[in-house]
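I wanted to look up a few elements here and jot down what I found.

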Amino acid sequence: MITLKKLAEKCGVSIATVSNILNDKSNVSESTKTRVLKMVEELGYKPNYLARNLRIQKTNTIGLIIEDITAFSTSHIVEGIMGFLERHGFKVIFENLRMYSKYKDFEKEKAKFIKGVNAAYSQLMAFRVDGIIYIAAHSRHIDFLSEYNEVPLVLCYSECDTPDICEVVIDDKKAAVEMIDFFVEKGFSNIGIIKASEENVHAKKRLEGCLESFKTHKLKVNPDFIVQGDWTRESGYEACKKLFSNGFGKTEGKKTIFCFNDLMAAGVYDYLLEEKMEVGSDVCVAGFDNREISQFLRPNLTTLEIPLMDIGKKSAELLYNKISGIEQSSKKVDIPCRLIKRKSVR
């Protein structure tokens with residue numbers, strides 16, 4: 001392999017001169033520059049940027065700590081992160097914690113999980129990354145990041161109280177308000193809700209948004225028409241069944257059911273089909289996430305799209321700004337969702 005020293009000898013110039021040319025410094029004559037660059041091309045010389053960056057205490061490398069790469073949100077978030085960082089000359093390495101497969105009972109195994117986070121952080125620091133983005137598998141309050149302060153860190157898809165850590169989350173509450181507002185505009189007064197446990201940040205904020213919109217439009221809140229699922233298609237089916245056993249089907253006027261994710265909405269489709277009811281006619285249905293299944297359901301599912309790539313891009317931008325010493329206007333960034341109107345709500 002050709003070295004910088006050998007290249008300089010071949011060109012008949014000093015190592016410093018070759019280095020200045022490769023770093024595009026102006027104190028070299030054009031004839032010398034042309035001669036050296038021609039020799040670089042002929043010999044196939046590749047600069048050792050890692051060694052150079054280590055000398056200036058910068059590697060142009062970003063570390064990602066990913067809670068679980070199989071989470072539906074993660075791949076699109078990572079794509080958004082990498083698209084931004086590549087445009088700005090950074091490489092990415094990551095540690096996958098495999099939260100869902102390794103920790104079956106997260107609350108009981110939290111201490112073990114944090115040991116895994118510590119190991120991932122130490123590994124990234126061994127690579128001398130310039131900064132870290134921590135990508136949560138689902139939104140919640142994370143309370144163990146304050147000790148990871150050797151390099152700038154951004155929390156993606158969750159919240160924390162650590163002052164020096166910027167966080168990027170989706171605006172669940174505003175999205176739910178927008179969905180209920182849409183129902184009211186379409187003339188619906190009978191609105192069923194299939195939520196999830198309010199221990200989950202997404203579920204809690206989405207319910208807050210629904211209730212806020214109900215209050216704005218002076219709609220009566222019937223607790224029997226707010227039923228809990230657990231994010232799965234099967235729980236959507238059972239929750240819809242409970243809604244109808246609670247009298248939802250006997251209400252007068254247009255009826256719609258808002259599910260807090262698309263999988264539970266698919267379960268609602270299953271129940272309505274079984275009961276010979278037509279989605280979009282007898283009962284309208286909406287979901288949240290805009291996962292692939294929403295386009296395969298018939299009729300296509302009205303839903304709220306989470307802009308996952310934008311979340312990744314904004315997380316990378318915040319980290320880039322921190323590394324570059326650019327002051328942040330806000331510690332927390334809420335990314336708005338987008339209402340996708342399809343034929344399941346008419």
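I began with S5 and S11, which pair in the parallel sense over four bridges; strands are DSSP runs of E, at least two residues, helices are runs of H or I, at least four, both numbered from the N terminus, and pairing needs at least two DSSP bridges. This is a predicted model, where local features need pLDDT of at least 70 and side-chain atom pairs pLDDT 80 or more, while totals for chains, interfaces and linings use all residues. Residues are numbered from 1 along each chain as its sequence is written, and side-chain values use heavy atoms, without hydrogens and water.

I found Glu 167 opposite Lys 332 of S11.

Next I turned to Asn 200, in the loop between S6 and H9. Asn 200 counts as buried because its relative accessibility is 15%. A side-chain oxygen of Asn 200 comes to within 2.8 Å of the backbone nitrogen of His 202, at the start of H9. I also noted a polar atom of the Asn 200 side chain 3.1 Å from the backbone nitrogen of Ala 203.

Then I checked H9 itself, residues 201-216. Its buried residues include His 202, Ala 203 and Phe 214. Just after H9, I saw that Lys 218 has a positive phi of about 55°.

Note on methods:
Expected span 1.5 Å × (residues − 1). Buried < 20%, exposed > 50% of the residue type's maximum accessible area, 1.4 Å probe, protein only. Polar contact = N/O pair within 3.5 Å; in protein donor to acceptor, adjacent residues only side chain to side chain.
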